[in-house]
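Trainee: I would like a close look at one part of this structure, the surroundings of the ligand. Please start there and then show me how the rest connects to it.

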Amino acid sequence: MDITTDICVVGAGPAGLTLALLMLRSGARVTVLDRTRSFEREYRGEILQPGAMTLLDRLGVLDGARARGGYELGRFQLVENERLLMDIDYGTLPPPYGFLLSLPQRHLLTELFEACSRYPEFTYLEGCGIRELVREGGAVTGVVCGRGDDRRRITAPVTVAADGRYSRTRRLAGIEQHRLDAFAHDILWFRVPAGGRTDRSVRVHRTGGTPVLIYDSYPDCVQIGWTLPHNGYRRLAEEGVESLRSRIAHAVPDYAEQVLDQVKTLNDLTLLDVFSGYADRWADDGLVLVGDSAHTHSPIGAQGINLALQDAALLHPVLMDALDSGDFGESALSRWVPERRKDIDAVFTLQARQSKAMLGGGSRLAGAVRPLAARALAHTPLYGKILRAIAFGARPITVRSDLFGEAEPLRGEAAGA
Ligand SMILES: Cc1cc2nc3c(=O)[nH]c(=O)nc-3n(C[C@H](O)[C@H](O)[C@H](O)COP(=O)(O)OP(=O)(O)OC[C@H]3O[C@@H](n4cnc5c(N)ncnc54)[C@H](O)[C@@H]3O)c2cc1C
């Protein structure tokens with residue numbers, strides 16, 4: 001069955017579902033399609049910054065997502081050979097979000113989806129990847145998605161590309177993505193049982209020369225990201241799993257037993273190509289890009305979800321104006337972009353610095369300077385400023401709740417429940 005709607009969102013990640021909920025609450029008809037059939041997103045961002053929590057709370061979904069299970073992580077620490085070089089205390093931030101939240105992405109997405117599902121104007125197509133962009137007179141007027149008998153055409157005056165870092169929608173629109181080579185590492189990710197240990201912090205360990213990211217992951221697990229030189233996996237894999245797992249165990253002595261127990265073959269590890277990048281345009285006539293599809297970030301500093309949610313909040317009034325005026329041209333849909341590009345460039349710069357400071361080379365000089373620099377920074381006003389920028393972003397971004405409809409036409413009420 002073909003569908004006609006106000007907004008067609010490709011991708012039910014944090015950006016797509018948040019935007020869908022904002023538009024539904026403002027009375028628009030929204031169709032979201034996703035190529036997957038579940039909200040299990042393995043090896044995706046789990047750490048939410050206070051800025052992301054603030055937006056989710058304003059949308060009324062934070063408590064529900066947290067009730068599904070997650071951990072408050074109070075500190076971000078850099079540890080080198082058992083020595084604590086940097087100890088960022090999120091408790092120094094203003095309440096109520098003086099912590100990082102480790103929340104499985106399925107909990108966030110399920111909560112957002114359930115909130116959207118309360119609106120009769122919401123249509124969700126699962127297992128339905130985008131196949132074509134439909135254009136009329138040059139402007140995008142919808143998409144074709146799905147395959148075989150499930151193939152559908154969705155007609156909408158505006159399509160939103162929220163389909164992530166490898167966005168097919170972006171490719172179909174002929175928009176180029178530029179990779180930034182700011183990171184010298186790839187990451188091998190895996191989870192091990194926490195075995196009752198609870199550190200409730202995010203840590204970068206630099207024991208044994210190889211930086212390792214570690215954080216508590218719900219339920220009762222530890223997520224470990226072992227960094228390796230960019231494109232260096234093939235050589236390591238050739239050395240065999242025995243050598244690799246003993247190197248990892250050496251780098252995380254506290255979890256050595258679990259690593260040796262869990263990592264039996266190379267298939268127990270997932271290699272992630274870490275990169276950042278940006279699309280050269282974020283809009284076309286009838287099309288707009290948000291979240292990772294517009295700008296992709298490395299996991300360093302846990303920024304991606306925060307930025308994706310902020311994008312949705314910034315795009316919401318732009319789309320409401322477009323629905324009011326009927327102007328879905330590239331320039332109307334790009335209105336939010338110039339200011340946003342500045343925010344994003346600032347995050348790219350910050351992440352490149354964080355990456356260099358935490359994962360950077362291990363020369364003798366760097367090893368000697370790193371603790372001094374870390375200690376000196378902790379006692380300057382710059383420290384608080386950097387922490388607030390990491391936690392909330394460069395400027396306050398809020399949900400335009402004034403655009404929400406007075407009475408929410410909830411599905412339960414419509415059905416007389
Ligand atoms: C290993 C790793 C760890 C990370 N850790 C963190 C972290 O701790 N904190 C943090 O804030 N950020 C983290 N990030 C970044 C974060 O995950 C992303 O920035 C964030 O998920 C972006 O949200 P999004 O909605 O734009 O895209 P995505 O989350 O990628 O969602 C895109 C959606 O589009 C769907 N899709 C893809 N292709 C198609 C298609 N052809 N048709 C239809 N649907 C499609 C996907 O199924 C998905 O649901 C991490 C990233 C990586 C790779």
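**Around the ligand**

Mentor: The ligand is surrounded by 36 residues, and the closest are Gly13, Gly45, Gly164, Gly291 and Gly304. To count as near a molecule here, a residue must have its C-beta atom, placed from the backbone, within 6 Å of it. The largest share, 4 residues, comes from α9. Element names follow DSSP runs, numbered from the N terminus: helices are H or I runs of at least four residues, and strands are E runs of at least two.

Before we go on, two notes on reading the model. It is a predicted one, in which local features need pLDDT of at least 70 and side-chain atom pairs count only at pLDDT 80 or more, while totals for chains, interfaces and linings use all residues. Residue numbers start from 1 along each chain as its sequence is written.

What kinds of residue make up the shell around the ligand? There are 15 nonpolar, 13 polar and 8 charged residues. In this count Ala, Val, Leu, Ile, Met, Phe, Trp, Tyr, Cys and Pro are nonpolar, Asp, Glu, Lys and Arg are charged, and the others, Gly among them, are polar.

The largest nonpolar core has 112 residues, and Leu19, Ala20 and Val290 have the most contacts inside it. Its largest share, 9 residues, again comes from α9. Such a core is a set of buried Ala, Val, Leu, Ile, Met, Phe, Trp, Tyr and Cys residues joined through C-beta atoms within 7 Å. A residue is buried if 20 or more other C-beta atoms lie within 10 Å of its own, exposed if 12 or fewer, and partly exposed in between, with C-beta atoms placed from the backbone.

The core lies between domain 1 (3–44 + 105–180 + 277–355 + 402–411) and domain 2 (185–229 + 231–272), because both give residues to it. These bounds come from an automatic or database domain assignment. Taken over C-alpha atoms, the domain centres are 33 Å apart.

Look at valine 290 in particular. Leaving out residues up to four places away in sequence, it touches Ala15, Leu19, Val160, Ala162, Ala308, Asp311, Ala312 and Leu315. A contact means that two C-beta atoms, placed from the backbone, lie within 7 Å.

Next comes an open sheet of 6 strands, in the order β9-β3-β2-β13-β22-β21 and with mixed pairing. Its edge strands, β9 (122–125) and β21 (283–284), each pair on one side only. Strands pair if DSSP finds at least two bridges between them. Strand β2 (residues 7–10) runs parallel to β3 (residues 30–33), joined over 4 bridges. One of these pairs isoleucine 7 with valine 30 in β3.

Finally, visit some loops. Proline 95 and proline 96 are joined by a cis peptide bond with omega about 10°, and proline 96 sits in the loop between β7 (83–89) and β8 (100–102). Tyrosine 218 to proline 219 is cis as well, with omega near -5°. Aspartate 220 is not a glycine, yet its phi is positive, about 50°. With 13 C-beta neighbours inside 10 Å, aspartate 220 is partly exposed.
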